[in-house]
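My entries follow in the order in which I made them.

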Amino acid sequence: SSTVEWLYMRCGVGCLHGNATACECISNLCVLMLYEDSAVVCRFLTNFLYEGKPVVNLASRGKGQGLKGMPWLFYQGQFPTQIVTDPSLQWKFTLSNKPGGRSDVTNTLTFWLAKYSLGGSWLGWERLGDQLDLCANLGGTSMEPLSPSFAWRRFASSLTTKCSVPLENVLKCGRNPIFYDLFIEDTDGTLLPVPVRILNLIKDQRRPNLNFDGSVWQHQRSDVADDVLVRRFTLCDSVSGRGGGKNTFLDTDHLPVVFRFAAHMAMEVPVRTDTDGQIYVPVLSIAYAEKKVAQLSSSDLAQVSFKAEYSMATKTYWTVMVVFIILVCLFILFWSGIRMYLASCRYPNIPLIVPGGDLNMFMPKFAILLLSFFSTGLSVLFWFHWTMAMYWLVVFKAQDAPFLLLPSALQGNQYEPHDVLMTFLLSLSIVCVVLDFVRHMKVFIFLVDWERGEPLKLSGSQSAGGGGGSLPVGGGQRSGLSPRQQLMLQQQQQQQFGGQFPQNAGQLGMPAASLMGQGVLPFGYDGQMGQQQGGAIDGVGMFADMGVSAWRTIFVANQLNERLSTTRTLPYVTWMLGMVAFLEGLHWKNAARWYPRFAGNEDMLSAQFNPFIQFALGTSIWLAILLAQLIVRRVASIFFGNEHHDFVDVCSVANVSVFFLDEPFHGYYIHGKAPGGRGDLCHSEIANQLLKEDKGIGLPRGLTLDECQTFEIYLPPDLSVQISGSAPAHLRQTLCQIFGGVNATLLTMANRRPAKPEPQDIAEMSVHRCRVQALIDAMVHAVMRRSNDVVQHPSAMHWFWGRLPQGGGGVAALRHPIFWKDMRGLSWASCLAYGADFNGFPTGLEWHLALLELLCFQMCWRFQGSIYLATAVAFLVNQGFLGLYGYCGRLRLAHTTLINPMFLVGGHPRTQSTVYAVVFLAWLIHKIVEAAS
């Protein structure tokens, strides 16, 4: 280097003769070499000029020693751990905007710079402003507003500034480098030196200042013991890289081969743990970057950054966290173990042996156990993580004396556990939503139509014996039926669904005529389904369900279909009108910055976002929006009713019950049997019945006298149903056999080209529908007859803990079905996207989906920094899932109710939400294009 060749001998000789300026000059040359111990200048300085110099105290108190008569570049006679924990500073710092009038209390740090030229000339003192911020001094450009120079000096206001600086400006800055010694002002006006850690420094052919510690358990890094801390530094250097011999030093226009600049700087302000409100002497870390002039163009930019961070040793916090995490994991194992045990009791391992094999109509037991475990872990870990984040939010923002500061982002991976846990929660939420989706798509739903048709009337040549009259009730041949249809109806009449079963307490049922007391037997009983009005249709014969209007059942199915994908909360209220309005519109997002107050001036906006406070603030606002919606819905239901209660009323008016099975032996039942026994009524008759109910003189709707219409049901595994005129039918086996026939019919239609049903397919489906109707019809009537034993009111223990009937024996120990009264009338909604709840707060599918949306939002905000992008992602996740759920749920509903899907017209994604999504995405694309241009 021409600079070293020109100054080395002159400054070295001058220093040997006691010239203080020459000693400063030779010291500056060592600074240009980044204190490399193998550099000639630094070896001359340390091995020759320092030789024999006495060590003296250079600070009025505490630590701080140097060599007499020499510039203080190195810390002599002190260990690095002593230097970084220097307690000499006497200030007591406060987080309040008002120090309180005490002379030793402040909320701002004051720094001073001692300046030297390259030749060693003293340039005076200068109070620290923005000198360390190259973004402000060299024309840096940034997508965000540059921070004011005083922002980071406000106590506990951590700051990160990043920008792009033109390299031409850096090159000009380095032509006349300035060398700095940094000091911090104490209470009595004395100045204490600030140690400098140069990350590029080389000693013994290694870089001791590159401290790598991936452990969050050691805030004070174990590698700091071998650090080399110095005093002097420079920001730009384009003189040490000059070539061409020593004569080129005087040519100021001569370009260097390389130039160097302080690309990344970090001011670390550690808070003392042995006393409140005091700090150790700060430490400045610098990482230099080099660029070659030959490869430089006028448009080249360099990325530079400046960070200032106030931190406190958090080893104790992480130790406590380890204990808490262990306790939380133990609690998860305990609680999930209880839930899995209850699920096992509710879903015993009893194989289903039927011709053709098990159809897997329900979700497998192992998947339900996994869902119980994962959903418990998701909820418990979420609330734990939110509580810990809220601890930092409340303590950091509310304290005046700095009792606790946020973990450091510069020392170790302090926020890596937060990111790992948030990623783990996101993964858990995805698993839970997928398992919930599969479970809901395996729910068996059937509509029980209580309407009774009239006996079949034949006229003319169709009547038996050539005259009019009724079709005989018994078996025998039916005119107008094909041989295939006669065989199917004969099998239906005999109801030999699996043979004889043991006559134990699991067998229920009595002849329907004795229960109903009606002159005309209801269809589905005594083998007389299909004996309704009509004649031969398309050469196939009479359909098994003729004579009863299908519109009531189709109407109820559509009402249920519209409720499949509805949730308690509205996504556009949660994300667009809520999160965007509060965080961006009202600028509440600034409260998540690394700033000790919820509100502030310009210096607050320069602080970076803290991951803990981001999660706590975003989640708290999200929870508040959710709770507000739930409260409004609850209050509105008092005055305007609940849509799910309205559905129960619709079932009663339509004379249709709904039977749910989410597991082989567990489900829900809505008793929709009309009090008058009929649903095919004119408008006036319906209005008259409702008027009587309103006056209290109508017949009760409920399955029992207390008019309870909704029940949670538990079925014995060996439950057999006695259908009048036939052998007992095993409920589970019979359903499997019937839907085996349904699948066979559907497969036949699918393999046909074109894949359209023929009249015989329609007739077969009607027979399948009537067989399921007969089975459930008989079971419900048996329940009505034995309601004193079957219908029960769950105790508080059962309600809170989810205990099953018969205690630990579960459903396997049941002697008969149990219908638990659901006085709230909402438990059946757990089979929908609405999901289960606890006193109105969602705990099922809706909760898992909401957590998935929130965690997607938090991940985008954490790593992308955009509220708009995070909101868009969360909103699209909600709408995409509910749209898929509505589509698949519609197909599942049509399959189990044996209703043609073309009759189900609802269940599509809400137009309003779609419009919001399109408008929002258009706005987002506009913003992206605007930023790019």
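**Disulfides.** I looked up cysteine 135 and cysteine 163 and found both buried. In this predicted model, a disulfide joins cysteine 135 to cysteine 163, with an S to S distance of 1.9 Å.

I then searched the whole structure and found five disulfides. Cysteine 11 and cysteine 25 form a disulfide, with their sulfur atoms 2.0 Å apart. This pair links distant parts of the chain, 14 residues apart: cysteine 11 is in helix 1 (residues 2–16) and cysteine 25 in helix 2 (residues 20–32). The torsion about the S-S bond of cysteine 11 and cysteine 25 is about 65°, so the disulfide is right-handed. Cysteine 11 counts as buried at 7% relative accessibility, and cysteine 25 is buried at 0%.

I also recorded a disulfide between cysteine 15 and cysteine 23, S to S 2.1 Å. Its torsion is about 95°, so the disulfide of cysteine 15 and cysteine 23 is right-handed. Cysteine 15 and cysteine 23 are buried. Counting bonded cysteines along the chain, I wrote down the pattern 1-4, 2-3, 5-6, 7-8, 9-10.

**Aromatic rings.** I counted 38 aromatic pairs. One of them, tryptophan 383 with tryptophan 386, is edge-to-face, at 5.8 Å centre to centre and 80° between the planes. Tryptophan 383 counts as partly exposed because its relative accessibility is 32%. I also found a cluster in which ring pairs link Tyr317, Trp318, Tyr391, Trp392, Tyr415, Trp594 and Phe612.

**Charges over rings.** I found the charged end of arginine 568 over the ring of tyrosine 834, 3.7 Å from its centre. Arginine 862 lies over the face of phenylalanine 863, 5.0 Å from the ring centre.

**Asparagine 107.** Where does asparagine 107 lie? I located asparagine 107 in the loop between strand 4 (105–106) and strand 5 (111–116). Asparagine 107 counts as buried, at 12% relative accessibility. Leaving aside neighbours within four places in sequence, I listed the contacts of asparagine 107, among them Thr94, Arg153 and Phe155. Its side chain makes a polar contact with the side chain of threonine 108 at 2.9 Å.

Definitions and conventions:
Residues numbered from 1 in each chain as written. Predicted model: local features only at pLDDT ≥ 70, side-chain atom pairs only at ≥ 80, totals over all residues. Heavy atoms only, no water. Phe/Tyr/Trp six-rings, centres within 6.5 Å; stacked < 30°, edge-to-face > 60°. Buried < 20%, exposed > 50% of the residue type's maximum accessible area, 1.4 Å probe, protein only. Lys NZ or Arg CZ within 6 Å of the ring centre and 35° of its normal. Helix = DSSP H or I, 4+ residues; strand = E, 2+ residues; numbered from the N terminus. Contact = heavy atoms within 4.5 Å. Polar contact = N/O pair within 3.5 Å; in protein donor to acceptor, adjacent residues only side chain to side chain. Disulfide = S-S within 2.5 Å.
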